[in-house]
Amino acid sequence: MLLPTSSLASTEVLGWEVVISNLYEWIGSGPRKLRWEEITSRDNASSLAAARKRQAPIDVHPEVEDALASGKPVVALESTIITHGMPYPTSLETAQSLERIVRSTGSVPATIAVLGGRIKIGLHPAELERLADQTKPTAVKLSRRDIAAAIALKKDGGTTCCSTLIFAALAGIKGRLGGVHRGGENTMDVSADLHELTRCPVGIVSAGVKSILDIRRTLEYLETLGVPVVSYAETHDFPAFYCGRSGLEFQSPWRVNDPRTAAQILHTHWQLGMSNGALFAVPIPAEYEAVGLTLQEAVEQAVRESDEQNITNLGKEVTPWLLKRVDIALIENTALVGGQIAVEYAKLVGDGHDQDQCYPVIGIPEKPDKLSSACVSVSSAATDDLNEQPPPRASLIVVGCTAVDITSQPLTDSDLGHQFPCRLGGVGRNIAEAAHRVLSSYGSKFSAATLLVSPVGDDSFGRLLSEETRMLGMRTDGLIPVHGGRSPVCSLLLQRSGGLRAGVADMDLVRNMDGHMARESILAHKPKLLAVDGNLSPDTLKVVELADNSSNFSEPTSVVKSASILPAIASNLDHPTWSPIAFASPNLLELAHVYQQAQLLDLTSHVQWWQVLDGLGLGSKFRMDLDLLSRRDASDHDTSRGNLAFLVEKGVAQMAINLLPFFQHLVIKCGDLGVIVVMRLTADDAAESSWSAESTNHHGRYVVSHSSTSGDIVILQHFPAIQLPSDALVNTTGAGDSLVGALLATLVQSPKAFHATISLRRTMDIAQRAALLSLQSSSAVSPLLSSLHEQRSQRHY
């Protein structure tokens with residue numbers, strides 16, 4: 001059975017196509033619902049995952065990726081109208097207008113093109129303008145035959161219906177309709193678009209068939225190919241673009257007049273496993289009929305003139321020649337209808353599959369096939385079999401939990417209905433994904449920089465975790481299969497607002513993880529940065545932390561687990577000048593718990609602890625500066641959040657400073673009160689840091705103390721929370737992990753990021769924005785983190 005990957009709809013007006021997909025499943029760089037038919041046909045050329053495994057040059061816009069991960073409808077737009085259809089700047093204005101119309105329906109637009117030899121599914125504004133500005137024409141018009149050559153030669157290209165269909169099909173989105181050219185029975189000039197309709201389960205929304213084509217033969221050819229034709233109107237009349245009727249002799253066998261029924265036709269195609277597409281022909285809106293008749297006359301005249309100028313048989317030259325003479329009203333109408341159908345299809349698929357998506361992977365093969373292994377380094381065994389080089393060394397290793405999260409959330413205040421999305425989770429995994437996304441945004445050389453080391457069971461959930469991690473483009477050679485083990489599963493109950501209400505988790509596999517296996521990976525890679533999460537047992541953390549690494553980062557995970565790192569710290573308190581843990585990221589409750597447990601374990605009575613605290617030389621001036629800082633508002637924009645008095649009144653600053661002998665840098669997450677960074681720079685660090693020339697600056701929200709005896713510097717700085725509209729919050733489960741992951745990515749890029757005021761401010765801005773994006777995403781880690789580097793480059797610090 002062929003698997004339909006999505007609902008589709010496409011619209012064409014003299015060269016412009018709109019392709020719609022509900023994209024209920026998720027594409028390769030984000031989590032998605034796995035179906036057995038899809039998994040067992042991974043080598044299918046129409047699979048984005050398979051293409052990425054073969055290192056195909058495909059880039060998915062972060063907004064599109066986020067929409068796919070959220071189950072939103074996506075509308076793909078072809079790009080020949082930008083490159084060949086209209087003069088600049090009309091082409092750009094039209095493209096921007098259609099994207100706005102698509103958004104108005106509740107769908108997300110994804111203009112498809114080729115730029116510099118890379119396939120783009122969704123364009124950034126600058127890329128859209130680059131494509132539109134053809135004052136010195138360089139972009140080529142891409143059909144199926146042109147794709148490989150254009151990519152190999154690093155060309156820019158506008159996609160026709162055919163190539164849009166091919167590219168968008170990789171993400172579950174597919175293209176428009178061309179036709180049989182007049183005289184096609186002699187010239188055999190038949191659009192490749194028609195054949196593509198037999199290959200993909202698509203729904204195409206069109207204003208009919210262009211009058212420059214042979215409408216009768218086009219309809220006959222569609223019937224021969226088995227492609228159903230449906231009039232989206234009150235009658236069976238088949239429209240001819242600028243005329244609502246192409247003549248009584250041109251009738252559609254079926255008709256519908258609302259997006260819900262159209263969507264049901266597409267959904268039935270999917271249910272029956274049919275592999276062909278369907279055409280929905282939408283007549284010109286009533287208010288434009290008079291204008292349409294005038295335009296139709298212009299078209300007929302243009303056809304006659306093109307005959308006289310001998311360009312009738314030049315195929316692809318005819319359409320752009322005519323576009324300069326006609327209006328774009330139909331483009332907007334078909335974009336609107338296409339978006340509406342996509343939204344209705346998304347509802348149908350959501351209603352039909354919400355209940356089964358937590359058990360999608362029965363029967364996944366135990367081992368990846370050799371073709372898949374050849375494209376992505378997933379295990380040492382696969383590498384050895386293919387006589388390839390071992391995977392590259394990782395700059396960042398994250399050791400922690402990989403889990404399946406089953407999330408329940410009320411749909412209404414009455415608590416009558418719930419959603420049950422199943423997705424990847426686990427603190428370590430979330431952090432690794434966030435770091436991977438941010439690092440990858442710096443370029444392909446960082447795509448393998450992050451290695452997640454985590455145990456997974458040999459059950460169906462374990463295979464799901466491995467497969468989905470691979471689909472994200474992340475490394476899987478650090479996932480350790482445990483024979484007979486149960487993969488970690490966490491069931492979460494969210495409030496309607498997105499906050500966590502309750503949760504139950506099975507984490508035995510992680511708690512019992514063999515630390516020596518993780519230590520082998522650390523010693524083999526010698527990463528710049530090692531991060532661990534608090535789900536690991538104290539014994540495992542002790543073994544892992546003893547590994548030879550240059551810097552380490554501890555994420556407490558929860559109040560109960562936050563003190564798990566202390567035994568590892570106790571075994572390393574033998575050096576008075578450095579802290580055993582370079583970075584830690586507790587929240588306020590975790591900070592208090594770690595401090596209390598450190599006292600209970602007598603760590604605050606250790607001789608090294610006394611030496612470090614005494615060397616800091618903190619006195620009355622530091623306390624006075626801290627008191628003045630505590631009087632500042634927590635936010636410059638929202639006084640209702642109060643001030644920073646909690647720093648002194650709740651002993652937050654005191655606890656953090658007392659933990660500096662154990663943690664050199666503390667990044668304290670304070671929710672809507674922002675982030676507090678407390679750190680100690682040794683004399684050696686201070687010599688290379690701009691903090692050596694800094695003093696307390698209450699306007700800059702930081703307090704600085706220089707020790708006259710040891711040369712150490714203590715810095716405490718507050719970073720206000722970035723404002724989030726109250727109605728924008730979706731869930732809170734991965735925001736803290738996203739903050740930590742983005743922070744780790746920045747530290748891999750710049751290990752001394754905390755050593756200067758400007759770089760620290762930039763680092764914390766990136767981290768906080770990462771958390772903000774995930775708060776607005778249904779995924780634990782927002783796919784939009786992949787564009788953080790781009791967003792940063794557009795801002796000034």
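This is a predicted model: local features need pLDDT of at least 70, side-chain atom pairs count only at pLDDT 80 or more; totals for chains, interfaces and linings use all residues.
Local features require pLDDT of at least 70 and side-chain atom pairs count only at pLDDT 80 or more, whereas totals for chains, interfaces and linings use all residues. Residues are numbered from 1 along each chain as its sequence is written, and side-chain values use heavy atoms, with hydrogens and water left out.

An open sheet of mixed pairing is formed by 10 strands in the order E17-E16-E12-E20-E21-E22-E23-E24-E26-E25 (strands, E, of at least two residues and helices, H or I, of at least four are DSSP runs numbered from the N terminus; pairing requires at least two DSSP bridges between two strands). Strands E17 (479-482) and E25 (702-706) stand at the edges with a single partner strand each, so one side of each lacks a neighbour in the sheet. From one strand to the next, the twist averages 15 degrees (axes are lines fitted to C-alpha atoms, for helices over the stretch in contact, with angles from 0 to 180 degrees between N-to-C directions).

Strands E12 (residues 396-399) and E20 (residues 529-533) pair in the parallel sense over four bridges; valine 398 stands opposite alanine 531 in E20. Helix H18 (residues 427-440) lies across E12, E16 (450-457), E20 and E21 (552-555), at about 150 degrees to E16. Helix H31 (residues 757-775) packs on the sheet, touching E23, E24, E25 and E26, and its direction makes about 40 degrees with that of E26 (contact means heavy atoms within 4.5 Å).

Serine 635, in the loop between helices H26 (620-630) and H27 (646-649), counts as buried at 2% relative accessibility (buried, under 20% relative accessible area; exposed, over 50%; partly exposed, in between; 1.4 Å probe, protein chains only). Serine 635 touches Arg641 and Arg701, residues up to four places away in sequence not being counted.
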